[in-house]
Amino acid sequence: MSFLRPMAQGAYTLRLRFAEVRAHSVGLAAPLSPEDQCIQSMPDASPTKWHLAHTTWFFETVLLQMHSTGYQPFDARFHFLFNSYYEALGPRHPRPQRGLLTRPSIDEVHAYRQHVDASVMALLEGADDALLRTIEPIVVLGLHHEQQHQELLVTDILHALSCNPLLPAYRPANGPALRLASVAAPARWLRQEGGVVEVGFQSSDEGNDFAFDNETPRHSVLLRPFEIADRLVTCGDYAQFIADGGYQRPDFWLSDGWAAVKANDLRAPAYWLSPDDPRIAQHGASTAGWQVFGLNGVRPMEPEAPVSQLSFYEASAYAEWAGARLPTEFEWEAAIDTPGMAQATGHVWQWTRSSYDPYPGFRPLPGIAAEYNGKFMVGQLILRGGSVATPQGHTRPSYRNFFPPAARWQFTGVRLARDI
């Protein structure tokens with residue numbers, strides 16, 4: 001994780017931003033019971049309570065203990081409990097066992113947040129210009145780190161709720177579950193001439209000068225001419241792939257992907273419910289077609305909605321079936337501002353065909369920030385864009401998300417590309 005030329009803002013503005021982001025995390029957890037917030041449904045996910053505590057641990061450990069004279073930790077034991085993977089900061093509680101932390105209670109975690117929040121506010125209020133120049137980048141870094149965990153909080157609890165036979169909603173829908181008859185317009189292909197293009201983070205005139213280190217350095221890449229779809233692949237599109245035997249035909253799949261299909265009996269995206277699923281009846285839902293479990297509970301599959309909760313293997317297989325391919329991350333970035341390009345962000349993260357590798361000349365920053373990105377650059381695939389769970393304003397065209405190819409509990413989908 002890194003930052004470039006921290007945003008020019010005074011302590012007052014920074015305090016407002018800090019309060020806003022911190023309050024949003026608490027708001028995301030508000031619909032959940034204490035029992036909900038303690039559960040860990042798989043090793044790759046974390047309990048809501050842990051997310052709330054870990055983001056607080058960051059501000060306490062990296063900011064307050066290093067820059068607030070006389071600061072006393074809320075509870076010294078939390079340093080061990082809520083460290084994630086920072087080897088430089090010592091041992092930690094094992095990640096797969098975070099769901100065993102019934103204590104501290106959620107009330108104690110909230111007290112921890114309030115203690116740290118008050119201390120950060122006091123530090124910012126009393127900082128002179130020299131101290132503010134030192135700590136402002138750390139606060140900004142911590143806020144972007146917390147926004148990443150806000151997204152994980154939502155996707156992790158959705159996975160946990162999907163494991164409950166009752167399929168409870170994270171937040172109830174405002175209206176009835178209606179099956180919509182509309183179908184998305186056919187995708188249009190947007191031609192890209194290719195050539196030498198610049199990719200990677202570039203600061204904007206609006207003062208958006210933050211980026212993680214894996215988005216740098218900016219550099220040139222050579223692209224062949226290609227076409228990219230103007231919209232995302234929809235649920236209706238993907239249902240056709242299923243109906244055509246997409247999960248029964250190995251010729252569409254990468255070897256590891258086909259092995260995953262067979263080993264896990266995959267037949268549809270992660271949260272789709274087939275008409276014969278016994279869990280549908282208890283929700284009073286129609287058994288005439290696919291249902292989808294999401295943040296609002298069980299709802300009829302909307303054919304025009306972007307398909308979500310796909311692994312890289314499923315995205316790649318669909319692209320093969322469709323006579324296309326996935327874009328590289330550089331193609332995606334070069335095409336994102338093309339007139340007519342829709343659904344670039346705010347729907348689903350979009351798998352690319354690019355492995356998560358360092359850019360030419362990449363160097364992680366010294367200190368604990370060096371552990372955030374660089375050491376994970378193996379065995380993972382890049383996603384671009386941003387999803388319904390991504391905090392507003394958190395992403396940018398150069399943002400590089402990454403997950404292993406089998407991951408399917410995130411809001412992940414498909415945009416197609418093809419060669420010319």
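Which elements each supply at least two residues of the lining of the largest pocket? They are α2 (48–67), α5 (129–162) and β10 (401–403), where helices (H or I, at least four residues) and strands (E, at least two) are DSSP runs, numbered from the N terminus. This is a predicted model, in which local features need pLDDT of at least 70 and side-chain atom pairs count only at pLDDT 80 or more, while totals for chains, interfaces and linings use all residues. Residues are numbered from 1 along each chain as its sequence is written, and side-chain values use heavy atoms, with hydrogens and water left out.

Back to that pocket. Rolling a probe the size of a water molecule over the atoms shows where empty space is left. A pocket here is an open set of points on a 1 Å grid over the protein atoms alone, where a 1.4 Å probe fits, with protein on both sides within 12 Å along at least five of seven lines; lining residues have an atom within 4 Å of a point. The largest pocket holds about 780 Å³ of space, a volume being the space filled by probe spheres set on the points, which are joined across faces, edges and corners. Its lining counts 34 residues, with Tyr85, Leu152, Tyr372, Phe402 and Phe403 nearest the centre. Helix α5 gives the most, six residues. By class, the lining of the largest pocket splits into 14 nonpolar, 13 polar and seven charged residues (Ala, Val, Leu, Ile, Met, Phe, Trp, Tyr, Cys and Pro count as nonpolar, Asp, Glu, Lys and Arg as charged, and the others, Gly among them, as polar).

The second largest pocket comes in at about 630 Å³. Of its 22 lining residues, Val292, Gly294, Leu295, Ala305 and Phe411 sit nearest the centre. Strands β6 (291–294) and β7 (297–300) each supply at least two residues of this lining, which has 13 nonpolar, six polar and three charged residues.

Next, the charged pairs. The whole structure has 20 salt bridges, each a side-chain nitrogen of Lys or Arg within 4 Å of a carboxyl oxygen of Asp or Glu. Arg188 pairs with Asp230, with 3.6 Å between the closest N and O atoms. These two come from distant parts of the chain, 42 residues apart: Arg188 is in the loop between α5 and β1 (189–192), and Asp230 in the loop between β4 (226–229) and α6 (235–243). Asp230 is buried at 10% relative accessibility, whereas Arg188 is partly exposed at 46% (buried is under 20% relative accessible area, exposed over 50%, partly exposed in between, with a 1.4 Å probe and protein chains only).

Aromatic rings pair up too, 32 times in total. Rings of Phe, Tyr and Trp (its six-membered ring) pair if their centres lie within 6.5 Å; planes under 30 degrees apart count as stacked, over 60 as edge-to-face and the rest as tilted. Phe82 and Tyr112 are both buried. Trp272 and Trp290 make a tilted pair, 5.4 Å centre to centre with 55° between the planes. Trp272 is in strand β5 (residues 272–273) and Trp290 in the loop between β5 and β6, so this pair ties together parts 18 residues apart in sequence. Both tryptophans belong to a cluster linked by ring pairs, whose members include Tyr238, Phe241 and Trp321.
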